[in-house]
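Good morning, and thank you for joining.

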Amino acid sequence: MKASSVRDALIAVPVPDELEAQRRAWAVVRGAYAEREPAPRRGWQLRLVVAVAVLAALVAAALSPPGRSVGGWIHDRVAGEEPTEPALVRLPSAGQLLVVSEEGPWLVRPDGSARLLGSYEGASFSPNALFVVATRERQVVALEPDGDVRWRVTRPTPVADARWAPTPGFRVAYREGATLRVVVGDGTGDRLRAESVAPVAPAWRPGEGRTVLAYASTDGRVHVVEADGEQLWVADPGATPEQLVWSDDAARLLVVTTGLRHPLYTAGGQPAGALETPEGQDVLDASFAPGTRTIGYSLYAAESGQSSIVLAGERLQQGEGRFEDIVFSPNGRWLLTGWPEADQLLFIGLPGVRRLVTVPGVRREFDPGGLGATSFPRVAEWCCR
Amino acid sequence: MAGAGRDERAWVRGAQAGSASDFEALFRAHWPRAYRAAYLVVHDAAAAEDLAQEAFLAATRALDRFDSGRPFGPWLHRIVVNRAIDWARARALRREVGAGETIEAFASEERRDPATPLPDELVAALASLSPDHRAVVVLRYVLEYTPGEIARMLELPRGTVNSRLRRGLDALEEVIGRPEER
């Protein structure tokens with residue numbers, strides 16, 4: 001049988017939903033084409049000048065022995081290389097992503113374009129994503145979306161875990177060593193709020209009104225305090241706190257611990273049940289689905305090396321390695337996780353696993369020009385409607 | 001080679017200049033094969049749709065940098081197939097509960113369709129190959145690239161492409177007989 005028979009056979013395989021898929025895809029692609037900004041066309045005179053300059057450089061370079069390799073490199077580029085594709089595709093839902101790589105925080109816009117905001121270590125959005133607060137060694141820095149520094153606070157010792165308070169965004173909390181500090185949202189009024197603070201990111205209670213935040217202390221307890229006032233309540237979660245997460249309605253605080261029980265508290269500090277996890281499995285990250293009290297979390301079993309993503313008790317995804325982040329889209333229709341072992345971001349369409357969108361080559365995307373040996377970036381937040 | 005022609009070059013130039021109709025012509029000319037190629041590699045219609053769509057979005061964003069004198073198809077197909085391989089590898093790594101079921105369902109679907117001109121075994125044979133092997137078979141026999149072109153697209157040695165083709169064809173041979181390479 002001839003090769004054409006193989007082709008005919010494969011071409012004859014019915015592909016499900018072909019026309020509908022084309023129609024859907026065309027709607028998306030047409031939109032992207034309409035939004036694109038064509039690159040300005042340079043005049044032929046400029047191109048000619050550039051061509052002459054390149055030719056002169058080539059001739060000059062080729063005169064020396066090292067010029068051979070330079071000449072070869074240029075030939076490869078001129079003769080064969082195709083345009084590089086942008087690795088990260090359009091976000092499947094509205095909002096912007098904040099991704100933190102070794103290079104620093106990146107702002108990823110809905111069309112997938114990404115901007116490095118500078119050389120910082122950790123970052124989070126202001127309430128409406130108008131600013132990003134980041135840390136670098138001893139500095140807390142408020143950045144504009146183009147990376148310009150709006151204000152900075154410099155402390156004597158290293159700082160971390162800066163978090164901007166919810167609307168109207170009057171405060172920023174951060175840790176300096178074993179202390180918790182609060183600064184006004186314009187960079188003024190920096191002051192100590194608490195001592196003996198554990199290395200856990202503080203969590204602002206959502207909602208307008210009183211500016212309230214939760215933090216963990218070195219004795220393993222959780223404190224909920226007014227930013228500028230009194231302590232509202234204290235609780236002992238029974239194991240060392242690792243993460244503090246509020247529900248959108250501020251009615252529940254989840255305390256992820258190193259144990260098997262991760263307690264929930266009401267806004268007033270009353271116990272409200274717990275998330276129980278199996279023996280030998282750690283919660284890597286957890287978050288409430290937007291507008292709900294449903295918890296999504298990533299479980300990691302060290303013995304098997306497997307992770308799973310669980311939402312409302314349903315296991316959505318399982319895989320080798322670690323699903324590092326649990327980040328919901330602002331509309332709650334997508335759950336995003338980073339998967340270092342596969343060098344991928346996974347966008348899981350909800351409910352269930354309605355769709356699964358994978359973005360490969362994540363290390364390279366957030367380390368342009370690097371060797372691909374960097375650590376996997378963390379997805380910090382997806383904001384806002 | 002697939003899809004290089006005067007019309008296509010004109011469409012690319014028109015699309016770069018802002019002609020929505022030329023861009024649509026380019027999309028309609030290339031979507032069916034891109035989607036089919038992705039589907040035959042990943043065996044999942046929703047994923048294939050995403051992959052082909054993402055490839056077109058990537059191409060759209062890079063359109064202004066594209067050399068209109070070169071064929072558009074190989075550029076697009078390289079993106080589609082590489083992403084399909086990544087996706088299929090990742091699915092294997094994830095050991096999805098439904099992964100085996102997807103392939104089985106795919107084959108079952110073929111069995112249920114009396115109009116299907118193919119034996120079920122062709123689909124099953126393709127599904128039995130690794131994503132890398134499926135990709136090479138699809139590039140060669142669906143998208144009609146030469147082994148040398150495939151080697152460049154996938155950044156593989158030519159010998160690796162040939163060996164993957166041989167292994168792929170071995171699997172298909174029992175179903176439709178060994179193809180005669182020309």
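**Strands and loops of chain A**

Chain A contains five helices and 28 strands; helices (H or I, at least four residues) and strands (E, at least two) are DSSP runs, numbered from the N terminus. This is a predicted model, in which local features need pLDDT of at least 70, side-chain atom pairs count only at pLDDT 80 or more, and totals for chains, interfaces and linings use all residues. Residues are numbered from 1 along each chain as its sequence is written, while chains are lettered from A and ligands numbered from 1 in the order in which they are written.

Of the 385 residues of chain A, 40% count as buried. A residue is buried if 20 or more other C-beta atoms lie within 10 Å of its own, exposed if 12 or fewer, and partly exposed in between, with C-beta atoms placed from the backbone. As for contacts (C-beta atoms, placed from the backbone, within 7 Å), 39% of those in chain A between residues at least 6 apart in sequence join residues at least 24 apart.

Let me turn to pairing, for which DSSP must find at least two bridges between two strands. Strand 17 (residues 252–257) and strand 18 (residues 261–266) of chain A run antiparallel and are joined by three bridges. A:Arg252 lies opposite A:Thr266 of strand 18, and a hairpin of three residues connects strand 17 to strand 18. Strand 18 is in turn joined to strand 19 (residues 271–276) of chain A, also antiparallel, by four bridges. Here A:His262 has A:Leu275 as its bridge partner. The hairpin of strand 18 and strand 19 has four residues between the strands, and in it A:Gly269 adopts a positive phi near 95°.

Which residues other than glycine have a positive phi? One is A:Ala129, at about 60°, in the loop between strand 4 (122–125) and strand 5 (132–136) of chain A. Another is A:Ala250, near 65°, in the loop between strand 16 (241–246) and strand 17. A:Ala129 is buried, with 20 other C-beta atoms within 10 Å, whereas A:Ala250 is partly exposed, with 16.

Finally, an open antiparallel sheet of chain A has four strands in the order 24-25-26-27. Strand 24 (327–328) and strand 27 (356–359) stand at its edges, each with a single partner strand, so one side of each lacks a neighbour in the sheet. Strand 26 (residues 344–349) pairs with strand 27 over four bridges, and A:Leu346 has A:Thr358 as its bridge partner. The loop between strand 26 and strand 27 holds A:Pro351, which a cis peptide bond, omega about 5°, joins to A:Leu350.

Definitions and conventions: Contact = placed C-beta atoms within 7 Å.
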